[in-house]
Amino acid sequence: MRLRRPSLRFGLLALCLAACASPAGPAQLTGAVTYRERIALPAGAVVRVALLDVSLVDAPARVIAEQEIRPTHQVPIPFALEYDRAAIDPERRYGLRATISDADGRLLWINVTSHPAFREGALEAATILVQRVQEGAAPGGPRMRVYACDGLAFRVEVTPGRALLRLRGRSIDLPAAPSGSGAKYSDGSTTFWSKGNEALLTLDGVEHSGCRVQSKPGL
């Protein structure tokens, strides 16, 4: 019995299917940034959206891709974030961060809850809700402070929307949480709240109050 060779057309089709199934190559994550407050965007506002690797809880999130938008209209502001499929590991966790700043770089809005970028290997609908930043909140750059209370000393590195809590041999990354006053960061288990030079830390079910900024760090 004579075996027939696969036709050239079939071979090209197989190659095309393999190439189309390849995880490598450019991709685009689209969505919109919006907020609930009835406030108009100021002139010169800048919207930034970033795709982050948030797999490690003891290290800052790694930026995979970022887009800067200078909107010409009010919210919602659409975005199209381009990234490389090869940079995405299905075993890791990814999230989206959105900020809105004024023309002078002062942070006005940021998403205070986590927004996963992928779910079960597929793209999610990306509508990112940002929340108004309180007056007097920390600027966009990182800010490091050392606190001491109840015989406990720890460092806190604050960046827009997050606080990295560093204790001896341990680091905890806390997202920002709504607060009536001051700045609050919590992952539901550990909570750090500060106002002025004082702070309160809830760690492992224990509340440490009366924490104060140390002028001469000893940690």
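**Exercise 1.** Classify R48 as buried, partly exposed or exposed, and find its salt-bridge partners.

*Solution.* Step 1: R48 has 29% relative accessibility, so R48 counts as partly exposed (buried is under 20% relative accessible area, exposed over 50%, partly exposed in between, with a 1.4 Å probe and protein chains only). The model is predicted: local features need pLDDT of at least 70 and side-chain atom pairs pLDDT 80 or more, while totals for chains, interfaces and linings use all residues. Residues are numbered from 1 along each chain as its sequence is written, and side-chain values use heavy atoms, with hydrogens and water left out.

Step 1: R48 and E68 form a salt bridge at 3.2 Å, N to O (a side-chain nitrogen of Lys or Arg within 4 Å of a carboxyl oxygen of Asp or Glu). R48 belongs to strand 2 and E68 to strand 3, so the bridge ties together parts 20 residues apart in sequence (strands are DSSP runs of E, at least two residues, numbered from the N terminus).

Step 2: E68 is partly exposed at 44%. E68 also forms a salt bridge with R70, with the closest N and O atoms 3.2 Å apart; R70 is exposed at 56%. Through shared partners, R48, E68 and R70 make one network.

**Exercise 2.** Determine which residues line the largest cavity, and the classes they fall into.

*Solution.* Step 1: One cavity of 30 Å³ or more is present (a set of points on a 1 Å grid over the protein atoms alone where a 1.4 Å probe fits but cannot get out; lining residues have an atom within 4 Å of a point). The largest cavity has a volume of about 50 Å³, a volume being the space filled by probe spheres set on the points, which are joined across faces, edges and corners.

Step 1: The lining consists of R143, R145, Y147, V156, V158, A183, Y185, F192 and S194.

Step 2: Six lining residues are nonpolar, one is polar and two are charged (Ala, Val, Leu, Ile, Met, Phe, Trp, Tyr, Cys and Pro are nonpolar, Asp, Glu, Lys and Arg charged, the others, Gly among them, polar).

**Exercise 3.** Locate T190 and list its contacts.

*Solution.* Step 1: T190 sits in the loop between strand 15 (183–186) and strand 16 (191–195). T190 is buried, at 4% relative accessible area.

Step 1: Leaving out residues up to four places away in sequence, T190 touches L165, I172, L174, Y185, L201, T202 and L203 (contact means heavy atoms within 4.5 Å).

Conventions. Helices (H or I, at least four residues) and strands (E, at least two) are DSSP runs, numbered from the N terminus. On a 1 Å grid over the protein atoms alone, a cavity is a set of points where a 1.4 Å probe fits but cannot get out, and a pocket is an open set with protein on both sides within 12 Å along at least five of seven lines; lining residues have an atom within 4 Å of a point.
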